[in-house]
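Subject: Structure handover

Hello,

Here is the structure we talked about. Please look through it alongside the notes below.

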Amino acid sequence: MIVGERKPFEEIVSRLEGYKKILILGCGTCVSVCMAGGEKEVELLATQLRMADKLKGRDVEIVEATIQRQCDREYIEPILEKARGCDAVLSMACGAGVQLMAELLETMPVLPALNTRFIGVALGEGVWSERCRACGNCLLADYAGICPMTMCPKSLVNGPCGGSKDRKCETSPTRDCAWMLIYDRLQKQGKVDKMRDIAPLKNYDAQGHPARQVHEAYEKAAVEAAHAK
């Protein structure tokens, strides 16, 4: 899941300066799960903004809404009319959602209320940990399901380095050495010999940005549409 966290309240307030009617738009998927941008968070932020405006004597109308996904046109289109009736949209989605909203509402500002942190997993209630950098060339099959690009601060594909001590990374005494984790996992699978394999250099060409992907079932239609333009 994509993990995000709300921006400092002061930053949000400063970005909204001068707007008289604001739509706070939540996203009901990833950022809702990590308690950053779902319906409850929209309600909380709206309440805080109303209180701040009242204390400063400002007359600002706050409109609230939450859709299932802000990264999908299908869910955005029904909210566009409401959005266009406002001066600005304060999006509580990840960076991808903010950008698609801005693309569909080109003539008005769409402002981010969150900082997008990483792709991760839930370790427990209220705790998330990064697991994937979306590098475009997945290596998990070679490292027992542990990503060295993400879990190792140096992103070493041939490790370990000489900086680990007592199973911890030299970058932090609280951070497990990724290569110790890989070794432990391979040992449990009876495949420790794979540690002797020399991996080829990482192919960073796979990280060309902005990336684009078309499902094979829609590939022909996409090509025909491109030619038609």
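A residue counts as buried when its relative accessible area is under 20%, and as exposed when that value is over 50%. Leu 111 has 14% relative accessibility, so Leu 111 is buried. Bear in mind throughout that this is a predicted model.

**Leu 111 and its surroundings**

Leu 111 sits in strand 5. Which residues does Leu 111 touch, not counting residues up to four places away in sequence? They are Arg 15, Leu 16, Tyr 19, Val 89, Leu 90 and Ser 91. Met 92 is 19 residues from Leu 111 along the chain, and their C-alpha atoms are 8.7 Å apart.

Strand 5 (residues 110-112) also turns up as a packing partner of helix 6. The buried residues of helix 6 pack against strand 5, strand 2, strand 4, helix 4 (73-76) and helix 5 (80-84).

**Helix 6**

The buried residues in helix 6 are Gly 97, Val 98, Leu 100, Met 101 and Leu 104. Viewed down the helix axis, they fall within an arc of 165°, so they line one face of helix 6. The background is simple. An α-helix has 3.6 residues a turn, so residues three or four places apart point the same way.

**Helix 3**

Helix 3 covers residues 39-55, which is 17 residues. At 1.5 Å a residue it should span 24 Å. Its end C-alpha atoms are 25 Å apart, which agrees.

Which residues of helix 3 are buried? The set is Glu 41, Val 42, Leu 45, Ala 46, Leu 49, Ala 52 and Asp 53. Down the axis of helix 3, these buried residues fall within an arc of 130°, so they line one face of the helix. Note that Glu 41 and Asp 53 are in the buried set, and that both count as charged.

The other side of helix 3 has exposed residues: Glu 39, Lys 40, Met 51, Lys 54 and Leu 55.

After helix 3 comes Gly 57, with a positive phi near 70°.

**Pockets**

The largest pocket has a volume of about 500 Å³. Its lining has 15 residues, and those nearest its centre are Ile 2, Cys 94, Gly 95, Ala 96 and Ala 211. Helix 6 (95-104) and strand 6 (114-124) each supply at least two lining residues. Strand 6 gives the largest share, four residues. By class, the lining has nine nonpolar, three polar and three charged residues.

The second largest pocket holds about 270 Å³ of space. It is lined by 19 residues, with Asp 142, Tyr 143, Val 157, Ile 198 and Ala 199 closest to its centre. Of the lining residues, 11 are nonpolar, four polar and four charged.

**Cavity**

How many cavities of 30 Å³ or more are there? The count is one. The largest cavity has a volume of about 100 Å³. Lining this cavity are 13 residues, and the closest to its centre are Cys 152, Cys 161, Ser 164, Cys 169 and Cys 177. The classes in the lining are nine nonpolar, two polar and two charged.

**Backbone points to check**

Please look at these in the viewer.

- Gly 159 and Pro 160 are joined by a cis peptide bond, with omega about 5°. Pro 160 lies in the loop between helix 7 (148-151) and helix 8 (178-188).
- Ser 155 is in the loop between helix 7 and helix 8. Its phi is positive, near 55°, in a residue other than glycine. With 14% relative accessibility, Ser 155 counts as buried.
- Ala 134 has a positive phi near 50°, again in a residue other than glycine. Ala 134 is in the loop between strand 7 (127-132) and helix 7.

Best regards

How values were computed:
Residues are numbered from 1 along each chain as its sequence is written. This is a predicted model: local features need pLDDT of at least 70, side-chain atom pairs count only at pLDDT 80 or more; totals for chains, interfaces and linings use all residues. Side-chain values use heavy atoms; hydrogens and water are left out. The expected span of a helix is 1.5 Å times one less than its number of residues. Buried means under 20% relative accessible area, exposed over 50%, partly exposed in between (1.4 Å probe, protein chains only). The arc is that of the directions from the helix axis to the C-beta atoms. On a 1 Å grid over the protein atoms alone, a cavity is a set of points where a 1.4 Å probe fits but cannot get out, and a pocket is an open set with protein on both sides within 12 Å along at least five of seven lines; lining residues have an atom within 4 Å of a point. Grid points are joined across faces, edges and corners, and a volume is the space filled by probe spheres set on the points. Contact means heavy atoms within 4.5 Å.
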